[in-house]
Amino acid sequence: MPVIPLRDTVIFPNTMFPILVGRSSTIAAVNAAVEKDKYVLLCAQMEPDDDSPTPDKLHRKGTLAQVIQVLHLPNDLQKVLISGIRLAEAVSFEQSTPFFEATIKMEEEVKLRMTPRLKALIRKTKEGFEKLVLLNQELPEEVLLGFEQNYNPQNLLYFVASYLDLDIEEKQLLLEETDLDRQYRKVLTHLAGELELLAVSNEINEKVQDEIQETQRRFYIQEQIKVLQEELDEEGFADPELAKIKESLDTRPIPEAARAKANEELERLRKTPAMSPEYSVSRNYLDWILAMPWGEYSKDRLEIHAVENALEKDHFGLEKPKERILEYIAVLNLVNKIKGQILCFVGPPGTGKTSLAKSIAEAMNRKMVRISLGGVSDEAEIRGHRKTYIGSMPGRIIQAIKKAGTMNPVIILDEIDKLSRDLRGDPSSAVLEVLDPEQNDTFNDHYMDLDFDLSQVMFITTGNVASHIQPALLDRMEIIPLHGYLEHDKVEIARRHLIPKLLKSHGLKASRVRFREDAIQLVIQRYTAEAGVRVLEQNLASICRKVAKKVVQEQNNGKRSSQITINPKRVREFLGVEKFKERDVEKKDRIGSVNGLAWTSTGGSILNLDVARMYGKNKLLLTGKLGDVMKESAQAALTYVRSHASEFGLSDDFFEKNEIHVHIPEGAISKDGPSAGMGIALAMISMLTETPVRHDVAVTGEITLRGDIYAIGGLNEKLLAAQRKEIRTVILPKENLPDLEDIPEKVKKGLKIIGVDHISEVLPHVFRSGRFTTQPSVRSPNKRGRSGRKSAHQPSPAGR
């Protein structure tokens, strides 16, 4: 009989199925069957994409079927209704143009023996199929009628399998299976998977349907409200929350530009469905506008004595910053309004920059907000993001105003020298507008998109190094340096502020614990190395913890705790081995060694500038981890000494036979700067002339090739170092003498300060020998006058 290859399905016996026929060979096979006895063999293709399958590409086992009806369609297509009859196997194929015919062998019908196992399988299959029909909306319930009329287990199996969503391979394997039990187990497995998939699908559909219905309901109600509002021609708001926002906008003292912007956004919000993403964007924007403290100002405390007392209560020393705040208060007493002042406290860590700014806010009775700028690299952190972005919000400045709750708070921009930049922008440039009194009355945040008045805000910035701040930003601020504390300053700070605060925080009574002054000095000298008092506070806190432990142990042992006196012995007991043991200054004069003064972040230090000479070729050796500028200073010093060799009694070929080695101890610490030039030159002169240098003299100054001495920076810290090491004579550039007016008297107390213009003026003060009592006749013809004095806080210009 004719063979019909099936491309995408398998037809089981005892089932009726329509197929669409389009291949000419298949159409010929159907026509031949209709003309003969209407019987055909249905075989599935091994490769569904094959348009002209050969017999070896067909499955041998198929279904004997009968053509029930043929419907001719346009485009040479036929729709054929096929009824499966029995299983059959193709024994051989013959080519009958243009289709194949096959000699078939009918599968013998085996009399089934109904075992309990088979009955159970049939029952489970029936139950599962009934559930499948009820759950699957694509299957009509009439299917169950045909299902119930099937009493033959084999026919029942094929009927169920024909309605399962199986692959062609799975259907073919089911068709070829000869064991009925295994066939039923396979069908049950697929049936269980279909039921589970349908259950999950129906659950999802129910949830989606519920959400759609709720959305439709809300939308329908909103549309009704909108129609009613249009019918009534009212401007009111049906949503009570929107009505409350409208009331706040009408009653709050909001600037007209902001009010107009907010009303426009509110009108857009009123017409936007609540489920729309734009709704939350507009709502958040309105919340931010209403949250700003429009028209709210804290009343300044203008009693200058009260402010002075408040500042003195919290901080010891720091006269210049305190004086600047009192000047600001005095101006406020004379005028009603002044543009915001921008102060910049610059100094080493722990000198009280941030705490002083907080005390200023408290003394002036203003709200205070601190913004840490360390590591900020995104401009949007300052100006905010556009409100069109998801999760956008205003920048830190607007957030600080909202947090303060007033329009005139004190905003502390901490660590402004640590601003960084990357591909997202330069935040320091964004801060320019914030800190410019001529521009910040119309500060525009990207999120708010409104001009915001920052002119009444008092900005106080802090930083460690002024040179790390962008020049344009530095120009907009008034720099107030906070130098390191002297030892007796730290003692007073510890006694007045740190110790009482620590005793209270550790639950100790001041009457039971007493710190001796020599103990505090020991902690400062041997356990800290800083310009401020931060590490000092940490060490005092450690002592308080040890004392608290001792008190609790005595109480647990039933002893009455007596007064505890903290003396140097107890300090060593509580804090352990001394951490810093500074080498004392030499107590005797030495050849080739000069005391140099250096600036450090911990308050300055004494550097031993050592020079030695050795027999060898002309060479200058520099060691001690020196920077490029210091190396060049040593070269300049050597050049000056060589150019005046005859004045120092050196032969013309002296340097051709000797090497000069310059070393600055503590080689693990980097050293740089031009201020060691004068000291290196003096050490070279001492070594080459074999003249001892006075041990109680320290020098600092930049030297030129002609021996002129130029100004240096860090004068306050260098004088602090001389005070600590009990140096009594300090020689520095004469250009720096006017800077002494800004140095506190307690720093200069006990110091003999000598200003010089040329190194020849230094020689009589550093050498005890009378050899250099007269000045060499060689002087620079281009020495500057006093009018050309540069600031001691600026680096020396290159190429001078």
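1. Gln525 lies in helix α18, residues 517-526, where helices are DSSP runs of H or I of at least four residues and strands are runs of E of at least two, numbered from the N terminus. Gln525 is partly exposed at a relative accessible area of 31%, on a scale where buried means under 20%, exposed over 50% and partly exposed in between, with a 1.4 Å probe and protein chains only.

2. This is a predicted model, in which local features need pLDDT of at least 70 and side-chain atom pairs count only at pLDDT 80 or more, while totals for chains, interfaces and linings use all residues. Residues are numbered from 1 along each chain as its sequence is written, and side-chain values use heavy atoms, with hydrogens and water left out.

3. Leaving aside neighbours within four places in sequence, Gln525 is in contact (heavy atoms within 4.5 Å) with Glu487 and Phe580. The C-alpha atoms of Gln525 and Ser201, which are 324 residues apart along the chain, are separated by 78 Å.

4. An open sheet of 7 strands has the order β19-β20-β18-β17-β22-β25-β26, with mixed pairing; two strands pair if DSSP finds at least two bridges between them. Because β19 (619-623) and β26 (752-756) stand at the edges with a single partner strand each, one side of each is left without a neighbour in the sheet.

5. Strands β18 (residues 605-615) and β20 (residues 658-663) run antiparallel and are joined by 6 bridges, and the partner in β20 of Arg613 is Ile660.
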